[in-house]
There are 2 protein chains.
Amino acid sequence: MIPADFVAHANRFADISRAIIHKEIYQPREVTIKSNFSPVTPVDQKVERALRTAVETTFPEHGIVGEEYDSCNADSEYVWVLDPIDGTMAFIAGLPTFSTLIALTWRGSPILGIMDSPVTRERWVGVDGTGTTLNGETIQSRACNTLGVAFAHTSSPLYFETDSDVAAYDRIRNAVQFLIFGGGCHAFGRVAHGYVDVCFETAHDIHDYLALVPIITNAGGVISDWQGRPLTLSSGTRFLACGDREVHRQAVEILCGN
Amino acid sequence: MIPADFVAHANRFADISRAIIHKEIYQPREVTIKSNFSPVTPVDQKVERALRTAVETTFPEHGIVGEEYDSCNADSEYVWVLDPIDGTMAFIAGLPTFSTLIALTWRGSPILGIMDSPVTRERWVGVDGTGTTLNGETIQSRACNTLGVAFAHTSSPLYFETDSDVAAYDRIRNAVQFLIFGGGCHAFGRVAHGYVDVCFETAHDIHDYLALVPIITNAGGVISDWQGRPLTLSSGTRFLACGDREVHRQAVEILCGN
């Protein structure tokens with residue numbers, strides 16, 4: 001069981017990020033291109049610094065892994081994984097689908113996840129053994145037992161660059177009923193909420209998905225890498241979330257090319 | 001000059017659609033597939049019926065063209081063009097980027113446009129000769145004088161199906177700095193707001209874009225078909241909006257393959 005004050009503090013961290021982002025929503029964006037060619041704004045950096053300070057002050061013995069700065073005590077038993085603005089491109093464009101992602105891992109596995117969406121004022125909280133809530137109300141993923149009727153999402157076709165990624169993208173695109181784009185982590189929140197059946201991504205990092213793991217699994221869904229393995233601090237760049245166990249099995253088969 | 005009461009009534013119509021949609025945001029979606037293979041929900045239909053009743057009662061001599069029902073008096077001098085939920089796929093998925101679009105055309109050309117985003121509680125109003133507002137504040141598109149630094153958007157790569165559409169998509173994808181997906185009409189609102197430089201679409205209909213015309217042009221931007229021609233009740237399936245006149249000229253060249 002996760003200590004209740006861990007959840008309360010995690011919510012307080014999300015309050016901090018939301019307050020900073022709310023002041024910036026209608027401000028002009030200053031965009032810098034990072035060495036990996038992805039864009040970043042001073043807001044991403046400001047939010048991550050504030051979250052790091054809050055975690056360090058509250059849990060000095062815990063580790064921190066964030067998107068914008070170097071890791072700290074990453075071999076601790078408890079490690080916080082922070083994405084100050086997941087969906088920086090949406091944030092830059094003024095689209096409302098970005099969120100702050102906060103995960104707590106224990107011995108490498110995520111046990112608590114928060115996704116806070118500042119524009120829509122929605123907060124998903126997934127806590128192992130407790131369930132998943134959206135703005136305090138318990139939510140559940142929905143049944144969908146075959147890919148052929150699934151409503152699917154991926155953020156951008158441009159992330160699928162290698163031959164094997166492009167082939168996997170083409171296979172799953174042809175297997176589902178609908179495929180939409182651009183919802184980012186918001187679409188994963190809607191898997192937990194019972195509006196979307198399948199979300200799949202490549203070219204992502206642990207800060208993009210570890211917070212989603214408790215949110216999806218405690219709402220009754222399944223989230224894994226493309227091989228169906230659990231997501232941990234050591235996982236790679238590809239992940240998949242489904243609201244239904246059977247459709248997840250089918251999606252793993254399709255993505256792996258079996 | 002557009003009669004002030006036309007603008008007041010158009011805002012009242014948007015109040016009607018927003019109130020209906022707000023009640024439905026967290027309800028389950030009932031999805032039907034239309035004869036053109038696009039999905040529709042009872043909410044799309046309910047909103048359009050309410051808007052039609054409001055327009056008919058207020059302006060009995062005006063025409064109405066809507067997405068979900070047959071046109072009525074479409075040869076009138078004034079015609080209202082209604083899209084009850086632009087971005088039905090986003091609405092089905094629980095993503096916040098759908099909007100209600102309400103255009104008023106005079107002799108075939110749009111002179112007033114409203115885009116009302118129920119989840120983000122944002123309303124864009126563009127009125128010829130008056131300017132464009134977002135929640136009552138005047139907004140302006142931004143300068144961007146070359147495609148190579150442009151932030152661009154299109155809703156879905158899957159809409160580009162014909163050889164010439166795919167070729168145009170590939171050309172513009174390679175010409176811009178960033179290309180994102182899935183923002184729907186919200187991204188066009190951000191062209192008017194100075195956050196996005198270029199939005200382009202194919203496989204759309206007049207109800208998807210006529211409301212955007214006064215919103216973009218009265219904010220200082222340019223919107224047209226891919227050949228650079230003005231959008232009217234008789235326009236086709238492809239359109240393009242840019243915040244800057246020079247980048248619009250370049251985008252027309254690229255899309256036309258010159």
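Select Arg123(B) and Asp15(B): their side chains form a salt bridge, with the closest N and O atoms 2.7 Å apart (a salt bridge being a side-chain nitrogen of Lys or Arg within 4 Å of a carboxyl oxygen of Asp or Glu). This pair links distant parts of the chain, since Arg123(B) belongs to strand β7 (residues 122-127) of chain B and Asp15(B) to helix α1 (residues 4-24) of chain B, 108 residues apart. Helices (H or I, at least four residues) and strands (E, at least two) are DSSP runs, numbered from the N terminus. Arg123(B) counts as buried at 12% relative accessibility, whereas Asp15(B), at 43%, counts as partly exposed. Buried means under 20% relative accessible area, exposed over 50%, and partly exposed in between (1.4 Å probe, protein chains only).

The model is predicted: local features need pLDDT of at least 70, side-chain atom pairs count only at pLDDT 80 or more, and totals for chains, interfaces and linings use all residues. Residues are numbered from 1 along each chain as its sequence is written, chains are lettered from A and ligands numbered from 1 in the order in which they are written, and side-chain values use heavy atoms, with hydrogens and water left out.

Next, move to chain A and select Asp15(A), Arg18(A), Asp116(A) and Arg123(A), which are linked in a network of salt bridges. Arg123(A) lies in strand β7 (residues 122-127) of chain A and Asp15(A) in helix α1 of chain A, so the pair ties together parts that are 108 residues apart in sequence. Asp116(A) and Arg18(A) also form a salt bridge (2.9 Å, N to O). Asp116(A) is buried, with a relative accessible area of 0%, and Arg18(A) is buried at 16%. Over all chains, the structure holds 28 salt bridges.

Then select Phe6(A) and Phe59(A), an edge-to-face aromatic pair with 4.8 Å centre to centre and 65 degrees between the planes. Rings of Phe, Tyr and Trp (its six-membered ring) pair if their centres lie within 6.5 Å; planes under 30 degrees apart count as stacked, over 60 as edge-to-face and the rest as tilted. Both Phe6(A) and Phe59(A) are buried.

Finally, select Arg29(A), which lies over the face of Phe91(A) at 3.8 Å from the ring centre. A charge sits over a ring if NZ of Lys or CZ of Arg is within 6 Å of the ring centre and within 35 degrees of the ring normal. In chain B, Arg29(B) lies over the face of Phe91(B), at 3.9 Å from the ring centre.
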